[in-house]
Amino acid sequence: MRLWIERHIIRLTRTMKLRGKIVVFYGLVVFIPTIFFGVGAGYLALQNVRANYMLTINEAVRQTSQSVEFRKQSYDLLANRAGTDGELISRLARTYENMSEQLESANYVDRSFTLMSRYLPGIVDFRIYHANATFVEDGGLLWKPADRSLAGVDEMSWYHSVLNSPFVLQWSNVPGDNAHLIVSRKITNASGNFLGAIYMLLDYDIVFGELMDSPFTGSGSLYLLDEHDRIVAASDRSMIGEPASDTALSKLWASVDRAESIMDGGDYFTVRRLNGEWKVAALIQMRHLENQSAVTVYSIVAITVFFLFLSTFLVLIVLKNVVLRIRKLGDRMSDIAEGDFDVSVQSRSRDEVGDLEIMFNQMTGRLGNLVDMLSSAKLKEKESSFQALQAQINPHFIYNSLSLLQWRALDQGDQIQVETIEALTTFYRFALDNKSNVTLIRNELEHVRAYLDIQQLRYPGRVRAHWELDEDVLDLYSIKLILQPIVENAYIHGRIFTRPDACIAISIKRCNNEVRFQVRDNGIGMDPFTLALIRNGEKAGNGNGFGLSNISERLHLYFGEAGKLKIESTPEAGTVVTIGLPACTDKPHIQREG
C-alpha cells in the first residue's frame, strides 16, 4: 500500500515544476495531516489535561507545603537559637549584686541578639522576657512581664500561658488582628527550670501571606493548621485563629482523616502533613479549572488551523524566490565545513535572502577572527572563574575566627585581640586581593603564616609548624593560593589538631630551574579510595571546591606540563603534598590553549 501511494504521487508530480511539487507535498505532508492530527491532538490533550490535574495539583500543594515548612522552620530555628543560648541562660539565672554586673549582661544581650532579631524578614518585634528580680528591664530587648498590653493580650497572661504550656515552642494568632503572628519559646536551664521566654511578633503578609493569597490562580484555597487543628494562615483571612471543626471545612476535615485526599462533588480536598504535626490543606474547585483548560485547548486548535492556512499562502509567495538561492548557500556552507573560508555567493536582490547572502559573505571573512575570539574568551572565562574562586571564604572559618575575637576580647587581655586581628587582616588582605593570580613566594608564605597564627590561637600549643626555606626563592614568582589550601586541608580533613605531637612541615627548595613546595603533616591521612579520587581530579568530601584539583588545574594553565602536583597519604600516618613549578623571576602568564 505504501509503495502504491508513493508510485502515484511520483507519477502525479513528475511533470510539475518545483513550486507545484512543493505545494502538493505541503498539502499532503503538512496541511491535511496537521488538520487531522490537530483536531485529534486537541481532543486527546483535553483528556490528558483532565487526567493530569490531580498530579499537577498535588505537586503544587507539595511545593507550597515545602515553602511553608521552610519558612516556619526558619523562625523556629531563630527562636530556638535564642532560647538555648548558654550564655543568655547563665546571665538570666545569675543573682546580681550591683548595677555594673547588670549593665554588662544587658550589653551582652544587646550585642548578641540585636542583629539576630533582624536576621529574618517579617520580624516586627523581638523581646526576651525574664522574672529575675535582681536583673534590669531595659525596654529594648530585655523585658519583665507586667500589666501591659502585648499584641492583643496583657503581658502577664501571655507569660503565664508560655510558662504553663506543655510545648517549648508555640505559634499563636493575635486576637482580633489577622495581620500578625506570635512565636513564643521557653527559656529553661539544664535542670528544666523556667527562666524566661522569647517573644517574636511576625508580619503575617511577609511570613505566609504571599503563599496563601490567591492560590491556584483563584480556583482554590489554602489553609495552614497547627498541631491542634487550629487555622494559623488561610486564603480567607476571616478563618484565621478558628479550629477547623468550627469552619466550613468541618465536613471535609472529618472525612480526610481516613485518606490524604477526597473528592466532594466538584471540589478536591487534600491535606499534607508537615514536621511537628502541622498540616497544609488545599481546597480546589475542579470545574473551574477544567473549564479554563477546555477553553485553552480549543483556542490552541483554532489558532493552529488559522496559522496553517496563513502558512499556505506564505509558502506560495516565497517558494519561487527562495529555493534555488538557499541551495547555493547550502553548497557554499559545505565548502566552509571543509575548512575553505574563501567563498562567496552573488547577491541578486535586496530582499531578506539577499541580505542573508550579504551576511554570508561577511561571515566567511570573519570566521577566522571568531575562532581566535572564541579561544581568547575561553581563556578569559577561566581567568574570571579563578578570580571568583579567590573571593570564596570558608564561612565556618570566618565564624570561628570572629567567635574567637569576641571570646578573647571579653575574657582575655587586649594583646590577644590585637594579635588575632593582625593575623586575620594579613590573611584576608592576601586572600581577597583578586587583582592578579600571581604573587611573590614571600607573599604566599606570609599568607600561610597568618593562617597558621590564626589556627594557633584556635588550638594553642596543639600543632607545631616546621619551616625549611631557601632564602633565594622568596623573590621568585608563583601563582596565588597554592600552599594555604593544603595547610587548611591538614586541619579540616587531616584533623591534625587532634593528633599527639602534631606537626606541619613546610619546605620550599630550589632544584636547578625548578622550585619545589612540600607540605607534610602527621594528621589522620586518607584512605586509598579517597586518595584515588583526588589523584583523578574528582572532588572528594564536602569542601568548598577550592582544593587540590583547582591547584592542579591552575598549575597546568600557567606552566603546562612543568606544573606538577603529587599527593601521598597513609591512613593514621599523614599526608605529603608536593608541588613543582619553574623558577620564575618574571610574572608567569596564563598559557594559550591549543
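**View 1. Strands S1 and S7 pair in the antiparallel sense over 7 bridges.** Strand S1 covers residues 123-130, and strand S7 covers residues 194-203. The coordinates come from a predicted model, in which local features need pLDDT of at least 70 and side-chain atom pairs count only at pLDDT 80 or more, while totals for chains, interfaces and linings use all residues. Residues are numbered from 1 along each chain as its sequence is written, and side-chain values use heavy atoms, with hydrogens and water left out. Helices (H or I, at least four residues) and strands (E, at least two) are DSSP runs, numbered from the N terminus; two strands pair if DSSP finds at least two bridges between them. Asp-125 stands opposite Leu-201 in S7. S1 is also joined by 2 bridges to strand S2 (residues 142-143), and these two strands run parallel. Here Tyr-129 stands opposite Trp-143 in S2. Of the 8 residues of S1, 6 are buried, so the strand is largely enclosed by the rest of the structure. Buried means under 20% relative accessible area, exposed over 50%, and partly exposed in between (1.4 Å probe, protein chains only).

**View 2. An open sheet of 5 strands has the order S2-S1-S7-S6-S5.** The pairing in this sheet is mixed. S2 and strand S5 (169-174) stand at the edges, each with a single partner strand, so one side of each is left without a neighbour in the sheet. Strand S6 (residues 177-188) pairs with S7 in the antiparallel sense over 9 bridges. Lys-186 has Ala-197 in S7 as its bridge partner. Helix H5 (residues 155-164) lies across S1, S2, S5, S6 and S7, and runs at about 115° to S7. Contact means heavy atoms within 4.5 Å; axes are lines fitted to C-alpha atoms, for helices over the stretch in contact, and angles run from 0 to 180 degrees between N-to-C directions.

View 3. H4 (residues 99-113) has 15 residues and reaches 21 Å from its first C-alpha to its last, close to the 21 Å expected at 1.5 Å a residue. The expected span is 1.5 Å times one less than the number of residues in the helix. Its buried residues are Gln-102, Ser-105, Ala-106, Tyr-108, Val-109 and Phe-113.

**View 4. Ser-245 is found in the loop between strand S9 and helix H7.** S9 covers residues 231-234, and H7 covers residues 250-256. Ser-245 counts as exposed because its relative accessibility is 52%. The C-alpha atoms of Ser-245 and Asp-229 are separated by 8.0 Å, although the two residues are 16 residues apart along the chain.

**View 5. An open sheet of 5 strands has the order S14-S16-S17-S19-S18.** The pairing is again mixed. Strand S14 (463-469) and strand S18 (564-570) stand at the edges, each with a single partner strand, so one side of each is left without a neighbour in the sheet. From one strand to the next, the twist averages 10°. S14 is joined by 7 bridges to strand S16 (residues 502-511), and the two run parallel. Arg-464 stands opposite Cys-503 in S16. Helix H12 (residues 441-458) lies across S14, S16 and strand S17 (514-521), running at about 165° to S14.

**View 6. Strand S19 pairs with S17 and S18.** S17 and S19 pair in the antiparallel sense over 8 bridges, with Asp-521 opposite Thr-575 in S19. S18 and S19 run antiparallel and are joined by 7 bridges; Gly-580 in S19 is the bridge partner of Lys-564. The hairpin of S18 and S19 has 3 residues between the strands, and Glu-572 takes a positive phi near 65° in this hairpin. Since 7 of the 9 residues of S19 are buried, the strand is largely enclosed by the rest of the structure. Helix H15 (residues 548-559) lies across S18 and S19 (574-582), running at about 15° to S19.

**View 7. Cys-511 counts as partly exposed, and Cys-584 counts as buried.** The relative accessibility is 33% for Cys-511 and 13% for Cys-584. The count of disulfides comes to 0, where a disulfide is a pair of cysteine sulfur atoms within 2.5 Å.
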